[in-house]
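Open the model in your viewer and keep the selection tool at hand.

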2 protein chains.
Amino acid sequence: MTDNTTKTNTADDAEAAGKGAKAVPSRRSILGWGGAGLALGAAAAGGTAVALRTGSDAQPAASGGDAVPFHGAHQAGISTPVQDRLHFASFDVTTTDRAALVKLLQEWTEAARRMTAGHEVGDGAISDNGELPPDDTGEALGLKPSRLTLTFGVGPTLFEKDGKDRFGLKSRRPQALIDLPAFKGDNLDAARSGGDLCVQACADDPQVAVHAIRNLARIGMGRVAIRWSQLGFGKTSSTTPDAQTPRNMMGFKDGTRNIAGTETDRLDKHVWVSEKDGPAWMTGGSYLVARRIRMHIETWDRTSLAEQEDVFGRDKAEGAPTGKQREHDEPLLKAMKPDAHVRLAHPDSNNGVTILRRGYSFTDGTDGLGRLDAGLFFIAYQRDVRDGFVPLQKNLAHHDALNEYIQHVGSAVFAVPPGVRDKGDWWGKALFA
Amino acid sequence: MTDNTTKTNTADDAEAAGKGAKAVPSRRSILGWGGAGLALGAAAAGGTAVALRTGSDAQPAASGGDAVPFHGAHQAGISTPVQDRLHFASFDVTTTDRAALVKLLQEWTEAARRMTAGHEVGDGAISDNGELPPDDTGEALGLKPSRLTLTFGVGPTLFEKDGKDRFGLKSRRPQALIDLPAFKGDNLDAARSGGDLCVQACADDPQVAVHAIRNLARIGMGRVAIRWSQLGFGKTSSTTPDAQTPRNMMGFKDGTRNIAGTETDRLDKHVWVSEKDGPAWMTGGSYLVARRIRMHIETWDRTSLAEQEDVFGRDKAEGAPTGKQREHDEPLLKAMKPDAHVRLAHPDSNNGVTILRRGYSFTDGTDGLGRLDAGLFFIAYQRDVRDGFVPLQKNLAHHDALNEYIQHVGSAVFAVPPGVRDKGDWWGKALFA
C-alpha cells in the first residue's frame, strides 16, 4: 500500500462499488438510473483506470474523476492536496458499551469507503423499501466525488474521562496524545473544544463534505452525538490559478512554506508516527491539533498597511518576506521585526519545529455586536504534539504581534490512526485489537 | 440598457477599470504586479470582448472571464443564473444623518461596481501609502471575479421605525413593501430578522462573496452595522452536470419549475415592478423575501422513503412528480396527497401565484443539543409581496405536510430598486431624489 493521492477511477473504486454481483447506484450513475435494478459492467484491473458503467444500456457514468483512494498506509486528508471546503465534526461517544462503539466504527468505515468513492451509503443508495428510511440522505446524489476525504481521530477523553477508563483503552493511550496545556491569551469555549472522536471531511464541493458528516452522524445516532462542528472554505484550488498561495481573512498569503504532500522525507520526519515512536497501533498515523482562531476583523481593517506588513513580516500584495521581492524568496528573519508572525513561526526560531498546516477560513455570520464571526480554523498534523504545536504555540502566544488581532476560542487534539489497509480493516481496529 | 447576464470582459469592465489614465491593479492583474505603477493597455469597444492588459510588459491577465455586468435596467443577482455560494447581510443604519446615508450609498455603489468587475476597492487596491489602512482588505486578490453579483435592498424600517420618519422617506414607502404578517408555525428570532438595508452577495467562490460583504461593512463603519448575515451553498453549477437541479438538505431536487432568467415574459409578469405598479423609483425593481428555514434534519432522516416522497409529492431519486417518470414531466397534482409540498406550492393551487426562488442551503455547525443547524435560506423575488410570498406562505403554513420537519426562524422583506444605470447612478438615487 502506498500513500493516498488524488487519481481517477481505480480498481479500489470498482472494488468498493462492486461487492460481487450486487447492483450499486452511485453518485456518478444516478443520472442514468431509472429506479430499476442495475447491472454493474465495470471490470477491475490492478492499477488500471476503469469506467464505471451503469444502467441497462450500460452508459458510462457522467464523470469518472476526482475520487481520492480511501485505502492506504496513511489516512487520506493529511498529505492529500488540500481541497476547497471543510466540514469538521467532533463527537461525544454516548454509549458506554464497547461492542456498540466497535460496531459503529465498522459501520462508519464502510460508509466512508463508499462516500469517498462517490457512492451513497448503503447497498440500495436510496432504499428500495419505501417503508424504511433511505440508506442515504440523498443530497449528494448527482454530485461528483469532489475529492472527498474523511479523516478519523480519537481524543484523550476516549481513553479516560473524569478518572474513568470508559472502554478499557486507558493503557493504550499514546504518550504523545497529551491534554493541551493552557496558552497565554486562550479564551476557549468548552462547547467548541474537545471531543472523543473527530472526522475531518474535506471536498471541493461543500455539499459533499456536509453530506458526509451528516450521514456519519445519522449512522451514529444513539451511540455518538456531534459535540461541535465547523465549516470552512478558502483553499480555492478550483478558482485560484495554479501555484497561488491562498489568502487568509486578513488578506495575507498563508501557508507559503508548508510541507507538500510530495515531500516524503519531511512527512516522515515531521508528520507520520514511526514504529519506534509507538504505540504500535499509531504507526503510520499522526496527531491533529484543531484551534478555532477568531480574528478581530474590524480592528485589523482599521490598521495601516505598514503595521499589517510588520505584523506578518510579509508584503501584502505579493506575499514576499520583508525586504524580499517574491513570495517564495528565502526569508531573511532578522530583516523582520522581532515579533513578526512569520519570523516567530519559522522553524529557525523554534529549534526546527515543523508542522503540516491544513487550516480553512471560516465566516459564521455575525456575533451579537454586529462584528463578523470570522477567522481561521487552524488544523495542524504532526508526529508528536509535544515537539510540534505545543512549543510553537508557547512561543507565539507570548511574543507574536498578531495576538493583538486574534484570539483562540476553540481547541482540540486527536490521535489520527494510520490508514485503513483493506476491506477487512476499519477505523481504530488496531486500537481495539 | 438591457438585462444583466453573465459574459466575459466587456466594454463595461474596461470602463469601470479604466477611469482615464489612472492605473488600477485588479484581481486579475495582481499576479503580474510588482508594486510599481501600471499602464492600462485595454481598449474598450462597444460590445466587443477585450483583454485587460496590465503590467509594464503588458501581459494579458491570467483569466478574463466570469464577470457579471453591474449596470443594467435591473439589478444583477435576480434573473442572473444562480451562482454557487451566498453571503447575505442585513444592516441597521446607525447614523441619523440623511446626507451621511446618501454618501454611504454612493461609496457602496462605487465599491460594488469595482468588486463585481473583479477589482479591489479603491484606486490603489492595496494602498501605496503604508500609513493608512489598505483600501481593500485583500483576501480576494488573485481570485477570479467568480460571477460576483451584489444586490441591494431597503427594508420597511428605513422608511419608518417606531413611528418615526427617520430620513424623510416615509411618504416614499411602496405600498407593496408591507410588514410581513405572522404566519402559523413561525418561530422567528429577532436577531435573525428584519433590517434597514440588505446586500445579497452571490459568487461561485465563497471567499469572493465574503470579501464583498466584509468590505461593504468596513466602508459603512459608523454609519451602518451588520444586523445579521447568512452564508449559503448548494447551487453547485461548478460541480453539477448541466441541467441537474440541485438537491436541498432533505435530499430532494428543489426548484425544478423555477422562473428561468431567459423567460422575459414570466419575469415581467411575476418579478419586475412595472411603471403602473408604482412608485416610480421602483420601476424595474422587485421585492425580496428572505426566510431562514431550519430543517429538523435528524427527524427527517428517520422518516421512511415513502413518507418523504409523499411529503414532497416527488420521487426522491429522479425528482419526478408523483406517478410520473422524469423530473420535468408535467405534475399531475391530484395524483399527490392533498398536503404534498409540490401540490400546495404549485401556481394552480394558488390562483397562479408565481415567485422567483433563489435560495441556498446552509449548515451553521451544531446547536446546543448536538443537532445540525442546517436548512434552507429561502430567498424569493416577486413583483408584489402581497400577491406573491404572502398568499403562498399562508397556504403552506396551514396545510403543507413539510411543516412537521421545518420551522421558519428568521424573516425579512426588502424593496430592491431597479439597476444602477451608469456611472453617475447609485443604489437608491431615485429613492432619495
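Helices and strands here are DSSP runs, numbered from the N terminus; a helix needs at least four residues and a strand at least two. One caution before starting: this is a predicted model.

**Stop 1: chain A as a whole**

Select chain A. You will find 10 helices and 11 strands. Of its 433 residues, 60% are buried. Now think about contacts between residues at least 6 apart in sequence. In chain A, 79% of these join residues at least 24 apart.

**Stop 2: a loop aspartate**

Select Asp196(A). This residue sits in the loop between helix 3 (156-159) and strand 5 (197-203) of chain A. Is Asp196(A) buried or exposed? Its relative accessibility is 0%, so Asp196(A) counts as buried, the cut-off being under 20%.

Show what surrounds Asp196(A). Beyond neighbours within four places in sequence, its contacts include Phe91(A), Asp92(A) and Val93(A), as well as Gly153(A), Val154(A) and Gly155(A). Leu158(A) is also in contact with Asp196(A). Those two are 38 residues apart in sequence, yet their C-alpha atoms are 4.9 Å apart in space. Next, display the side chain of Arg166(A). It makes a polar contact with the side chain of Asp196(A), at 2.9 Å.

**Stop 3: the annotated C-terminal domain**

Select residues 245-420 of chain A. An unreviewed UniProt entry annotates this range as "domain: Dyp-type peroxidase C-terminal". The range is 20% helix and 23% strand. Its end C-alpha atoms are 31 Å apart.

Now pick helix 9, residues 389-399 of chain A. Its buried residues are Phe389(A), Val390(A), Leu392(A), Gln393(A), Asn395(A), Leu396(A) and Ala397(A). What do they pack against? Colour strand 7 (286-295), helix 8 (341-345), strand 10 (372-382) and strand 11 (406-416) of chain A: these are the partners.

**Stop 4: charged pairs**

Side chains of opposite charge can pair when their charged atoms come close. The structure holds 44 salt bridges over all chains.

Start with Glu107(A) and Arg223(A). Their closest N and O atoms are 2.9 Å apart, in a salt bridge. This pair links distant parts of the chain, 116 residues apart: Glu107(A) is in helix 2 (residues 98-116), and Arg223(A) is in the loop between helix 4 and strand 6 of chain A. Glu107(A) is partly exposed at 27% relative accessible area, whereas Arg223(A) is buried at 14%.

Move to Arg266(A). It forms a salt bridge with Glu263(A), with 3.1 Å between the closest N and O atoms. Arg266(A) counts as partly exposed at 26% relative accessibility. Glu263(A) is partly exposed too, at 27%.

Then select Arg292(A), Arg294(A), Asp364(A), Asp367(A), Arg371(A) and Asp373(A) together. Salt bridges link them in a network.

Switch to chain B for one more pair. Arg227(B) and Asp92(B) meet in a salt bridge, 3.3 Å from N to O. Arg227(B) lies in strand 6 (residues 224-233) and Asp92(B) in strand 3 (residues 85-93) of chain B, 135 residues apart. Arg227(B) counts as partly exposed, at 31% relative accessibility.

**Stop 5: where the chains meet**

Show both chains. The contact takes 62 residues from chain A and 63 residues from chain B. About 5,200 Å² is buried between them, and carbon and sulfur atoms give 61% of that area.

How many salt bridges cross the interface of chain A and chain B? There are 2. Zoom in on Asp301(A) and Arg214(B), which form a salt bridge with closest N and O atoms 2.9 Å apart.

On the chain A side, elements giving two or more residues include strand 3 (85-93), helix 4 (206-219) and strand 9 (360-366). Helix 4 of chain A gives the largest share, 5 residues. By type, the chain A side divides into 25 nonpolar, 23 polar and 14 charged residues.

**Stop 6**

Select Arg218(B), in helix 4 (residues 206-219) of chain B. Arg218(B) counts as buried, at 15% relative accessibility. Its contacts beyond four places in sequence include Asp301(A) from the other chain, along with Val121(B), Pro134(B) and Thr137(B).

Finish at Lys276(B), in the loop between helix 5 (264-270) and strand 7 (286-295) of chain B. Lys276(B) is exposed, with a relative accessible area of 71%.

How values were computed. Residues numbered from 1 in each chain as written. Chains lettered and ligands numbered in written order. Predicted model: local features only at pLDDT ≥ 70, side-chain atom pairs only at ≥ 80, totals over all residues. Heavy atoms only, no water. UniProt positions renumbered as here; feature names shortened; annotations may be inferred. Contact = heavy atoms within 4.5 Å. Buried area = accessible area lost by both parts, 1.4 Å probe. Salt bridge = Lys/Arg side-chain N within 4 Å of Asp/Glu carboxyl O. Nonpolar A, V, L, I, M, F, W, Y, C, P; charged D, E, K, R; others polar. Buried < 20%, exposed > 50% of the residue type's maximum accessible area, 1.4 Å probe, protein only. Polar contact = N/O pair within 3.5 Å; in protein donor to acceptor, adjacent residues only side chain to side chain.
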